[in-house]
Amino acid sequence: MDFRFSREEENFRQEVRDFFIKEEKVTTEARKEWDSGQGFGPYCWEILRKIGSKGWLCPTWPKKYGGLELPYIYRYIIQEQMHYFTNIYATVSAGMAGPIILRHGNEKQKNEYLPRIAAGEIEFALGYSEPQAGSDLASLEIKAEDIGEYFLINGQKMFNTRTHYAQYHWLGARTEPTGPKHKGISLFIVDLKTPGISITPDWTLGNMRTNQVFYDDVKVPKEALVGEKNRGFYYILEALDYERVSTTAGLERDFKDIMDYIKQSGKGKDPLIRQKVAELAIDIESARLLSLRVAWILNMGKVPNYEASMLKMVVSETEQKLVNTAMQILGPYGQIMEGTKWAPLNGKFEWRYRDSLETLVTRGTSEIMRNIIAQRGLGLPRG
Amino acid sequence: MNFSPDKEQAAIQNAVREFLAKEAKDLARGAEGTEEGYSRELWRKIADLGWMGVSFPEEYGGSGGEFLDLILILEEMGKVLVPGPFIPSVICSGHAILKYGSEVQRKEFLPKLTNGSLVVIPALIDPVPDTIQVSIKEQMEVKDGDYILSGVRLFVPYAHMAEWFIYRTRSEKGNMFFLVNAKSPGVSYSVFDTIASDKQCEVVFEKVRVPKANVLGGEGDGETILRGINEWGALAHCGFILGLLEQVLKMSVEYAKQRVQFEKPIGSFQVIQHQCADMATDIDEVKFLTYQAAWVLSKGLSAKKEISMAKARASDACRRVSLLGVKIHGGLGIIIDQDMQLYFRRAKAAELAFGDGDFHREIVAQQLGL
């Protein structure tokens, strides 16, 4: 057993940190763009391209697709620093769509997309949820009709975040209207500039933009199909396991802000605060170890099973504990928004309290995560 | 980065598990209500297998392993609730003497601790003042080169089976520790009935004469000895707790799969599934916090924060997981003839040993710089 990174890995981590520190201007601006909830702006793209040009966005990929053929732990190290400095903890292209294209795409698709993903030039937006299909994703209805020379797609998506700035839609659509629902879904890569696609924003209480997407007689070429027709649901499930992997760098960074506040405000002697903060530290350390465990599993070339779901659940619920602890410590001042000298930490936790709800219900709700842990992890029978 | 035991450690764990599955079934239940509170026969057997010597140098009868190896053994012992003074005697007293004893004391005690022929129990805890009247006044005198010790110590596990105590007392220079023969004139004890039937005792010293040669450690070592005993004891309990909780989850999942109500196994109901998922999550957190702390200690580094993080989480998980275990078992969860209640009661003792969650959170707060 070993809970330390190797010397090479530690050196690499320092190298990555140094990179972000050297690029302080771009990094800081990228983080502001990301935290604004509006999506990637010019600085986000710039930092992604810089990271991509070093092969760091997809370091585990084959060199011919822009990777460095490094073990997974190097990806973890990069993700952790990227999370810490920019707050962007994942991109859909590198983290979800890319791995599926690598495993299930054809050679043409791999050459078309993977190098550009690795270079940080393109982003994908997930096209899963619909008004009547959230946790019950198999119930999605958007139709992809096989016309012969192309697919004709009609329907509506909801909570499709990133579609307003991504180049491609990672679209799950129904290609078989009869039979079991989960066996009639296919996965497509759709150019979001295709005529017939329209996007309407929805705003969350955390000021994050997500979108409704409407497909109105959209013609999508046959080459857009990923893998086998009607096998899309299984590719989506596989991608979800990757999606649920994250680092705890954001939690650690926010915890440091809370600690600094406590020390500066002289509240460190209050026994209640000491108990709450210590418990939070233990929560974050537990989450960090669970995150490392998933990285270790991926590093061995295996796909995490219930472990990724447990991680996702723990990180999002620890985030709730963190924002709640912060608000309790700040007292009535915690509710004041940024913009007045009376807002502690520039209203950071007022915003985080609202914004952190998002991660409870996206990428798989905590309740679904518990189902997965019970069924896949413990072997309990389906209801 | 490696989250699993290495080949040797895995082999030891498997051997321990197989042995206990054969020899220790129903042992915890059987030991309750006996005078000794544990099986001396099993004690001899595990001593013969070398478990007690795992973390001690070969020159004292050990096998020169690491603390982490010991934690893996304790995990298996926790699964079947092996009763007895393994933690206080072998781990706490053993490591205290190994680290702070004179060469004479090490040669005298350690081989007998590692071969199981001697039980040495730390007597550390003062009664909280002003609650109950204490008949013996706390005192330490020096007379003709010997120490004369008087005082009351509580929560001394298996004091009735101890051949020796490691007795803590206060001097003007801070804590001091003495190796005291349990048969010394003036030593008496009484055994509490406790929720876990784990033979915790009151030990009374009334003008007990202890030779100077039996002082443990050098001048000024008292605080480090106390810290060491508390850290090893806390971490050892984390290992034991991990096994205890893993077994509770295993029993609960098995029960949920076969118990049918409303024409379905109750394990197919979401509430039961979510309860099991929460137990599994608590356990995985306890597991890696414990392994990490043991690994840091095994590397010879200070593990104060890591141990307190592990014990705080393990203590609270004891409550949460054992309660869910009872709930999942329904009516059978409270019946004496069933095992679940045994784990529930043992979990409480383990939660409290060497500091509960609140106690260890305060240490973590200090370690964070508050």
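The model described below is predicted.

**Helix H4 of chain A**

Just after H4(A), A:Asn87 adopts a positive phi of about 70°. The helix itself covers residues 72–86 of chain A, 15 residues in total. From first C-alpha to last, H4(A) reaches 21 Å, close to the 21 Å expected at 1.5 Å a residue. A residue counts as buried if 20 or more other C-beta atoms lie within 10 Å of its own. Of the 15 residues of H4(A), 14 are buried, so the helix is largely enclosed by the rest of the structure.

Most residues other than glycine have a negative phi. Two further exceptions lie in loops, one in chain A and one in chain B.

**Chain A as a whole**

The secondary structure of chain A consists of 13 helices and 8 strands. Its C-alpha trace spans about 70 × 45 × 45 Å along the principal axes. For 383 residues, a compact globule would have a radius of gyration near 21 Å, and the value for chain A, 21 Å, agrees. Buried residues account for 45% of the 383 residues in chain A. Among contacts in chain A with a separation of 6 or more, 69% join residues 24 or more positions apart.

**The nonpolar core**

The largest nonpolar core holds 224 residues. Those with the most contacts inside this core are A:Phe188, B:Phe178, B:Leu235, B:Ile241 and B:Cys276. H7(B) gives the most to the core, with 16 residues. Leaving aside neighbours within four places in sequence, A:Phe188 is in contact with A:Ala144, A:Leu171, A:Ala173, A:Val220, A:Ala224, A:Leu225 and A:Val226.

**The contact between the chains**

In the complex, 38 residues of chain B are in contact with 35 residues of chain A. On the side of chain B that touches chain A, at least two residues come from each of helix H7 (222–258), helix H8 (270–298), helix H9 (304–329) and helix H11 (357–367) of chain B. H8(B) gives the most to this side, with 14 residues. By class, the side of chain B that touches chain A has 21 nonpolar, 9 polar and 8 charged residues. The predictor assigns the complex an ipTM of 0.93 and a pTM of 0.95. For chain B the mean pLDDT is 96, and 100% of its residues reach 70 or more.

**B:Gln105**

B:Gln105 is placed in helix H6 of chain B, which covers residues 103–114. With 18 C-beta neighbours inside 10 Å, B:Gln105 counts as partly exposed. Apart from neighbours within four places in sequence, B:Gln105 is in contact with B:Ile97 and B:Leu179. B:Ala365 lies 260 residues from B:Gln105 in sequence, and the two are 37 Å apart in space, C-alpha to C-alpha.

How values were computed
Residues numbered from 1 in each chain as written. Chains lettered and ligands numbered in written order. Predicted model: local features only at pLDDT ≥ 70, side-chain atom pairs only at ≥ 80, totals over all residues. Helix = DSSP H or I, 4+ residues; strand = E, 2+ residues; numbered from the N terminus. Expected span 1.5 Å × (residues − 1). Buried ≥ 20, exposed ≤ 12 C-beta atoms within 10 Å, placed from the backbone. pLDDT = per-residue confidence, 0-100. Contact = placed C-beta atoms within 7 Å. Nonpolar A, V, L, I, M, F, W, Y, C, P; charged D, E, K, R; others polar. Core = buried A, V, L, I, M, F, W, Y, C linked by C-beta atoms within 7 Å. Rg over C-alpha atoms; globule rule 2.2 N^0.38 Å.
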